[in-house]
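Student: Please show me the model, and let us go through the terms used to describe it. I want each label set against its definition.

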Amino acid sequence: MRQALELARRGIGLATPNPYVGALVVDASGEILGSGFHTYDGLKHAEVIAIEQAQSKGISLNQATLYLNLEPCCHQGRTGPCTQAVIASGIRHVVTAMRDPNPLVQGKGIEQLRAAGIEVTEDILHDEARKLNEAFTKYIRWNEPLVTLKAGMTLDGKIAPPPGESGNPTPLGSSGGWITSETARAHVQELRHASDALMVGVGTVIADDPMLTDRTGLPRRRPLLRVIVDSRLRLPLESRVVKTAQDDVLILCSFAEERKKSEFEARGIRVEQVAVAHTASAAERSDKVTRMPSRRRTGTGAPVISETATGSSDGRPDMRSMMARLARMQITSLLIEGGALINWAALAAGIVDKVFLYYAPKILAGTGSVPFARGVGFRHMGEAAHVRHVTIHHFGEDFAVEGYIRDPYDFGAALKLE
Ligand SMILES: NC(=O)c1ccc[n+]([C@@H]2O[C@H](COP(=O)([O-])OP(=O)(O)OC[C@H]3O[C@@H](n4cnc5c(N)ncnc54)[C@H](OP(=O)(O)O)[C@@H]3O)[C@@H](O)[C@H]2O)c1
Ligand SMILES: [Zn+2]
């Protein structure tokens, strides 16, 4: 199963919006007769590739075992049901790591195999398998991308030195040096590689002029979609994102002035209007937010909605509408990379599933430096976003905290206390 999971991982960047699946056909003596992993463009499912390879050797598979990390499908999709291929192959024993979260399958594939007299062993390396396909699960079950909030910070939670300081000029200037080390930033590249889309606020482009690309050099079937949230199309035409756009930049705005819109479109950049936020979630100055009722439990994923709001808005695009829009583009995973206002807007809207927070052992201090999430923030410990199932990753003297605000397998429900 470990090998099947390894094979499945080779589909990262290539399988989306489908799941990562790896498969091995092994004979009674443990010899591998066939193996495969799924890629979207390759069409064939992993178990079919492995079975066909084994069959091409002309050996009977009556004593063989099929290992695969995801329950075989039993429905007609772009290919026929894999359960039929498994049953027809004569394989005797199937070992899986998890059931298919797709509501069309969810255990029915396993039932079909058992009904055909095949022995099935389930849930081997279950947790690892679930983690690998968490984005697919969120997307297929809830029709929204898995949202990961990523930031690089000092120990005291600052994501940048004071803007406009010397060595840190804006607009479109350099950002006063990196906070985290090269190894930590190389890891961020891996996160980007495993994501379908990346999102920043226009403020980050104006401050840092980042490229926002996947520079791992690893193959991917669709370019990383670079999403800029920009209410009134302030994105500078001379920014690197605009200059390097190749059908991979999307601006989500609330007001699309025709002339500006066509300037972007002439450069191959898509501009889409999104419903305006009614939550006032991002407006730190909004008194609607300061009057937010304290019983709202945003840490459990519920949106912060002012009950006193009159339906007016801060004029910024609504986070939930943006997620729905991205899902319609088959975006299964979104990496939010700030800055301070977007980070708070995402947390306040309750769209964040997990965090990947990188820390360098440095302290910036001061009120001028940029905090991780700028806004009114949560007003009580009971409202605080609670990050659970934490894993610490080490990168030299830097470290990252990976954890979940919401369980992608049980969307809407808070993670259960252990
Ligand atoms: N260390 C890190 O990991 C990291 C990562 C990124 C950025 N940064 C730092 O963060 C700083 C920039 O932070 P920032 O807060 O100015 O930029 P930001 O969060 O990237 O962008 C904020 C802008 O996004 C627009 N926006 C559109 N929709 C929004 C919504 N729903 N909620 C909130 N804003 C929305 C707003 O402009 P409109 O109202 O015009 O739309 C807003 O001014 C820079 O100093 C940068 O270096 C650090
Ligand atoms: Zn299948």
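Tutor: Strand E3 (residues 65-70) and strand E4 are joined by five bridges and run parallel. This is a predicted model, in which local features need pLDDT of at least 70, side-chain atom pairs count only at pLDDT 80 or more, and totals for chains, interfaces and linings use all residues. Residues are numbered from 1 along each chain as its sequence is written, while chains are lettered from A and ligands numbered from 1 in the order in which they are written.

Student: Why is the crossover from E3 to E4 called right-handed?

Tutor: The chain goes from E3 through helix H3 (residues 82-89) to E4 in a β-α-β crossover. The label right-handed means that, with the strands pointing away from the viewer, the path from the first strand over the helix to the second runs clockwise. The crossover from E4 through helix H4 (residues 108-115) to E5 is right-handed as well. E4 and strand E5 (residues 119-121) run parallel, with three bridges, among them Val95 with Thr121 and Val94 with Val120.

Student: How do you know that E4 is largely enclosed?

Tutor: A residue is buried if 20 or more other C-beta atoms lie within 10 Å of its own, exposed if 12 or fewer, and partly exposed in between, with C-beta atoms placed from the backbone. Five of the six residues of E4 (residues 93-98) are buried, so the rest of the structure largely encloses this strand. Across the protein chain, 47% of the 418 residues count as buried.

Student: What makes E2 and E5 edge strands?

Tutor: The open sheet has five strands in the order E2-E1-E3-E4-E5, with mixed pairing. E2 and E5 each have a single partner strand, so one side of each has no neighbour in the sheet. From one strand to the next the twist averages 15 degrees.

Student: Why are H2 and H3 called roughly parallel?

Tutor: The axes of helix H2 (residues 46-55) and H3 cross at roughly 25 degrees and come within 10 Å. Axes are lines fitted to C-alpha atoms, for helices over the stretch in contact, and angles run from 0 to 180 degrees between N-to-C directions. Angles under 35 degrees count as roughly parallel, over 145 as roughly antiparallel, 65 to 115 as roughly perpendicular and the rest as oblique. H2 is therefore roughly parallel to H3.

Student: Which residues of H2 and H3 make the contact?

Tutor: H2 contributes Glu47, Val48, Ile51 and Gln55, and H3 contributes Cys82, Ala85, Val86 and Ser89. Residues are in contact if their C-beta atoms, placed from the backbone, lie within 7 Å.

Student: What makes H2 largely enclosed?

Tutor: Seven of the ten residues of H2 are buried, so the rest of the structure largely encloses this helix. Ala46, Ile49 and Ala54 are among the buried residues. The buried residues of H2 pack against strand E1 (22-26), strand E2 (32-37), E3 and H3.

How values were computed
Helices (H or I, at least four residues) and strands (E, at least two) are DSSP runs, numbered from the N terminus. Two strands pair if DSSP finds at least two bridges between them. Two residues are in contact if their C-beta atoms, placed from the backbone, lie within 7 Å.
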